[in-house]
Amino acid sequence: MSSIGIGLYGTGIAADNHAYAIAKSSKFSLVSVADEKYNLAQSFSKRHHIDRCHGDLEYLLEDSSVDIVLLASPFPFNSKHFPFIAETGRSVIIETPLAPSLKEAEKIVEKAEEEGIFLFPVSQMVSDPLVSRLSSLIKEGRSGEIKEYSLSWSFPSPVKRWMGVWGEDGGIKEKSLFLFSASPAFDLIYTLFGEDRVEALKEKEDGIEVVFERGFLSVSDGYDGFSFRIKSDKFDLNGKNGKLVSSNGEERIEEFEKESIRTPFSSLPYWYDSVYSALESGVWPREKYLATLKGLGLIKQAEKFFI
């Protein structure tokens, strides 16, 4: 069976992670790339051995080899580009956050439904196997009541590069961009814990701590990756970068090991592998982009503490 051709628009750091993950896929292939800076599209196409490259989204959409469009341009541009892609009837893989405002993000979702296309938001952590297992335990009520949680998100932030594009005149403050850079963690909070409310925001020397009703999220510019601790009536779990580090309470380790959840340490691109595994399985319900909208809602709550 011939592979499904993916056309990429935008060639930043996330685009490279996608390209490496797609190269491992048996179902998808990266067939075309475009960037408004044509020299970047050329460099990217050479780096990843892609035959066709373009300097404009319009030319990418005219490329008959493209079955699905991967929109990896900076998120404030999604609202501008998405409608043109949707009107071609192609499915869209889109980096999160969907947009800098809930209203714009909801319009993207509405446009996808109006055109009847498949919208796949790239919320990396939600695709992680360990997270999927945790989500099942919580939703099935097997975790008991969640008492408290803490999450740490530490990756090199693109904020300085983003500020070079928009600056304060672009209507998005630097502190807000820092929160947006951690959008997968906010998506994850909603996925695991539901409608938790932001109660405070504390600035730290190396980042920001967002305080929720039952837990907190620490966001920093660094290289430690993603870690969590969840304490409930029935267990106390610690995990880092896709691996269950420790667990106590009845049946905890046995449950996770039985499901082969333990995975080796992995950096961010591993989560992109999980994204394409999820795509290959064909299971990606509407609730997934609902999580990205809810995650964005949490970011907007946190933003208010800067005003």
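**Nonpolar cores and aromatic pairs**

Val 210 is in contact (heavy atoms within 4.5 Å) with Leu 179, Phe 186, Val 198, Ala 200, Leu 201, Gly 215, Phe 216, Leu 217 and Ala 302, when residues up to four places away in sequence are not counted. Apart from it lies another nonpolar core, of 24 residues, which include Ile 6, Ala 15, Ile 50 and Tyr 272; such a core is a set of buried Ala, Val, Leu, Ile, Met, Phe, Trp, Tyr and Cys residues joined through side-chain atoms within 4.5 Å. In the largest nonpolar core, which has 68 residues, Phe 82, Val 210 and Leu 217 touch the most other members.

The model is predicted, so that local features need pLDDT of at least 70 and side-chain atom pairs count only at pLDDT 80 or more, whereas totals for chains, interfaces and linings use all residues. Residues are numbered from 1 along each chain as its sequence is written, and side-chain values use heavy atoms, with hydrogens and water left out.

The structure contains eight aromatic pairs, that is, rings of Phe, Tyr and Trp (its six-membered ring) with centres within 6.5 Å, counted as stacked if the planes are under 30 degrees apart, as edge-to-face if over 60 and as tilted for the rest. Tyr 149 and Phe 193 form a stacked pair, at 3.9 Å centre to centre and with 5° between the planes. Tyr 149 is buried (under 20% relative accessible area, with a 1.4 Å probe and protein chains only), its relative accessible area being 3%, and Phe 193 is likewise buried, at 7%. Ring pairs also link Trp 153, Phe 155, Phe 226 and Phe 228 into a cluster.

Note on methods. Buried means under 20% relative accessible area, exposed over 50%, partly exposed in between (1.4 Å probe, protein chains only).
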